[in-house]
Amino acid sequence: MNGLNNFIENLGNEITCVYGAAGTGKTTFAIMMAVEKAVNGSRVYYIDAEGGCNIDRVKQIAGKQVDKILEKIFFVRAKDFDDQCDKINNIGEIGKKFGL
C-alpha cells in the first residue's frame, strides 16, 4: 500500500494510463484520482476510453463539492484507439483552451 500512496501523492502534470482486467476498479480509481486532483486545485483532462465513466459515479465520489470539482475536470470519450491517440496528441491545444 505504501507504493500506491507514494504514487498518488506524486502525481503531477503527466499522462497517467490505468489498465487491468475487467472489474478491478480502474474507472473508480481514475475518477477518484481526478476528483482528488480537482479538490487540490488542479485541472484534469480525463479521457474515457471504455465508456465506463458516468456523471452519477463522479457525483457519488465527489460528494458535496461536486459543482466545484466538475469545473476542474474536462471529460472526453474516445470512440476507438485512433480517436484516443488523437485526443492525446491534441492535449496541448485542449490544454490551452481548458487551462491545463
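Author: Helix α2 passes helix α3 in a right-handed crossing, where a crossing is right-handed if the near helix is turned clockwise from the far one by less than a right angle, and left-handed if anticlockwise. The model is a predicted one, in which local features need pLDDT of at least 70 and side-chain atom pairs count only at pLDDT 80 or more, whereas totals for chains, interfaces and linings use all residues. Residues are numbered from 1 along each chain as its sequence is written, and side-chain values use heavy atoms, with hydrogens and water left out.

Reader: What makes α2 and α3 oblique to each other?

Author: The two helices pack at an angle of about 55°, with their axes 10 Å apart. Angles under 35 degrees count as roughly parallel, over 145 as roughly antiparallel, 65 to 115 as roughly perpendicular and the rest as oblique, so α2 and α3 are called oblique.

Reader: Which residues make the contact between α2 and α3?

Author: Thr28, Ile31, Met32 and Val35 contribute from α2, and Arg57, Val58, Ile61 and Ala62 from α3, contact being heavy atoms within 4.5 Å. Of the α2 residues, Ile31 and Val35 are among those listed as buried.

Reader: How do you know what span to expect for α2?

Author: The expected span is 1.5 Å times one less than the number of residues. Helix α2, residues 26-39, has 14 residues and reaches 20 Å from its first C-alpha to its last, close to the 20 Å expected.

Reader: Why is aspartate 48 called buried?

Author: Buried means under 20% relative accessible area, exposed over 50%, and partly exposed in between, with a 1.4 Å probe and protein chains only. Aspartate 48, which is found in strand β1 (residues 44-48), has 7% relative accessibility and therefore counts as buried.

Reader: What makes the pairing of aspartate 48 with arginine 77 a polar contact?

Author: A polar contact is a pair of N or O atoms within 3.5 Å; within protein, one must be able to donate a hydrogen and the other to accept it, and residues adjacent in sequence count only if both atoms are side-chain atoms. The side chains of aspartate 48 and arginine 77 are joined at 3.3 Å, and the aspartate 48 side chain also reaches the backbone nitrogen of glycine 51 at 2.8 Å.

Terms used: Helices (H or I, at least four residues) and strands (E, at least two) are DSSP runs, numbered from the N terminus. Axes are lines fitted to C-alpha atoms, for helices over the stretch in contact, and angles run from 0 to 180 degrees between N-to-C directions.
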